[in-house]
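Subject: Structure handover

Hello,

Please find the structure below.

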Amino acid sequence: MTGLRTPVPPEPGTVEGVKPMKTRVVVIGAGVVGLSTAWYCARRGFDVRVLERHPAQRDGCSFGNAGLIVPSHFIPLAAPGMVGLALKWMWRPDSPFYIRPRWDPDLWSWAWRFWRAATRTRVERAAPVLRDLLLAGRRAFEELARTTGDELGLQKKGLLMLCTTDHGMEEEQKIAAHARQLGMPAEILDAQQVHRLNPGLRLQIVGGVFYPLDCHLKPERFMDTLQRMAGAAGASFLWQAEVREWVTRNRRIQAVRLQKGQTLEADAFVLCAGVWSARLARQLGLRLPLQAGKGYSLTLPDPVQRPQMGCICTEARVAVTPMNGTLRVGGTMELTGTDPTINPVRVRGIVRSFCRYFPDFQPEHFDRIQPWAGLRPCSPDGLPYLGRPAAWENLWIATGHAMLGLSLGPVSGQCIADDIAGSAPEPLSPLLAPDRYHQHSTP
């Protein structure tokens, strides 16, 4: 996976003096991965159509997240110790991780695969793959910032992992040591050193770890910019366009039929519909284990204090991000299916945890703040599904990014556009294969 680079759009070619027909690409999903794919494909000169099941004024998981771009998060969600933590937390409705008890064979199949993946050997294999993807993703953000004259508002100030306990500090030091082994800078700080990075900010902590390569931005602003760029490059959008079925022949997809009866033909199809990708993949005989991991956020318009950089309250799994004078606080991983309902118990848990780390804030500061919730597509092994499944010649899949959707959105779009064009600098890791769990033997 090393050597990922930002692709340069090819010069228009001709065959015997005749300009060739544009490659037609249908992108299913207009979240951060879908818009990134649309932008990089349109920049290459492809004829791009984006289908989105929601209206143009949407509010999915790409919009209200913490806005963190995190090369530091190279350890996948399925890691040693996470199963034990999950079992401990799942009985507390206000904990960082919660599974609503329900009979769902897909959920328990996913949980079994999660347990199988949460081994040290698996993490040792996956961490370099995620590191390379995340660093390439950071370069993609830098290139997009240059392209737009920094319209993204990209803040390259690093990330602080804050710890309130000695045990939490010990665990973060182990991750920092692993980061250094992989060539990622990480600085272990005591409480005074953390405060020097955030003058005037009062924190109730024992120390932290600083990752200087991490960045942050306001995701709503980024999404607006990305959509505008894709449209300016020639991509068109079809809103409230839910895919009902695929039209196939042999090993190729010829078209998609929409719920409203419209049929769209294309040369290439990219499935990046978030938590709804599994259902569409199943129609093609592909097994794409996914669970919707609901996350919440609250944005204070006039906070009493503002950190200088993004922070994560490690023991509570709460993210804190300054955004254009506001302060966004978010967290939790709640497996409740695709139910978008906001659970006030979960929200109160986030607020209480945040106030323990930032004692100048009180729960009352959040009383009039409307919580946001989004559904993150989570694979059982913590790695995204990225690439072309072997069963289909002209289908690409990009989903399952979980909490790394923003960080990996642009680089995922680059990889897909490169592969469609046949100019990928090198193959993607088999660990990212979209059919790594199962595929139908004969499409």
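In which sense do strand S11 (residues 252-258) and S12 pair, and over how many bridges? The two strands pair in the antiparallel sense, over three bridges. Here strands (E, at least two residues) and helices (H or I, at least four residues) are DSSP runs, numbered from the N terminus. Two strands pair if DSSP finds at least two bridges between them.

Before the rest, two remarks on the source. This is a predicted model, in which local features need pLDDT of at least 70 and side-chain atom pairs count only at pLDDT 80 or more, while totals for chains, interfaces and linings use all residues. Residues are numbered from 1 along each chain as its sequence is written, and side-chain values use heavy atoms, with hydrogens and water left out.

The whole chain

The protein chain has 10 helices and 22 strands. Its radius of gyration is 21 Å, close to the 22 Å that the globule rule gives for 443 residues, so the chain is as compact as a globular protein of that length. That radius is taken over C-alpha atoms, and the globule rule is 2.2 Å times the number of residues to the power 0.38. The C-alpha trace spans about 70 × 50 × 45 Å along its principal axes.

Of the 443 residues, 56% are buried. Buried means under 20% relative accessible area, exposed means over 50%, and partly exposed is in between (1.4 Å probe, protein chains only). A contact means heavy atoms within 4.5 Å. Among contacts between residues at least 6 apart in sequence, 77% join residues at least 24 apart.

The sheet with S11

Strand S11 belongs to an open sheet of three strands, in the order S10-S11-S12, with antiparallel pairing. Strand S10 (243-249) and strand S12 (263-265) are the edge strands, and each of them pairs on one side only. On average, neighbouring strands of this sheet are turned by 25 degrees against each other, direction ignored. For that angle, axes are lines fitted to C-alpha atoms (for helices, over the stretch in contact), and angles run from 0 to 180 degrees between N-to-C directions. Val256 stands opposite Leu264 in S12.

How many of the five residues of strand S7 (residues 207-211) are buried? Five of the five are, and the strand is mostly covered. In a regular strand the side chains alternate between the two faces of the sheet. In S7, Gly207, Val209 and Tyr211 point one way and Gly208 and Phe210 the other way, and all are buried.

S7 pairs with two strands described here. Strand S5 (residues 159-163) pairs with S7 in the antiparallel sense over five bridges, and Leu162 stands opposite Gly208. Strand S6 (residues 187-190) and S7 also pair in the antiparallel sense, over four bridges. In that pair, Leu189 has Gly208 as its bridge partner.

Cysteines

A disulfide is a covalent bond between the sulfur atoms of two cysteines. The rule used here asks for a pair of cysteine sulfur atoms within 2.5 Å, and by this rule the count comes to zero disulfides. Cys41 is in no disulfide, and the nearest cysteine sulfur, that of Cys272, is 9.2 Å away. Cys41 is buried, because its relative accessible area is 0%. For Cys378, the closest cysteine sulfur is in Cys61, at 9.1 Å, which is too far for a bond. Cys378 also counts as buried, at 1% relative accessibility.

Residues in loops

Ser62 lies in the loop between strand S2 (47-52) and strand S3 (68-69). Its relative accessibility is 9%, so Ser62 counts as buried. Leaving aside neighbours within four places in sequence, Ser62 is in contact with Gly31, Val32, Pro219 and Met223.

His401 is in the loop between strand S21 (395-399) and helix H10 (405-421). With a relative accessible area of 5%, His401 is buried. Not counting residues up to four places away in sequence, His401 touches Val33, Pro377, Pro384, Leu408 and Ser412.

Arg317 and Asn324 are not glycines, but Arg317 has a positive phi of about 55 degrees and Asn324 has one of about 50 degrees. Arg317 is in the loop between strand S16 (310-313) and strand S17 (318-323), and is partly exposed at 37% relative accessibility. Asn324 is in the loop between S17 and strand S18 (326-335). Its relative accessible area is 58%, so Asn324 is exposed.

Regards
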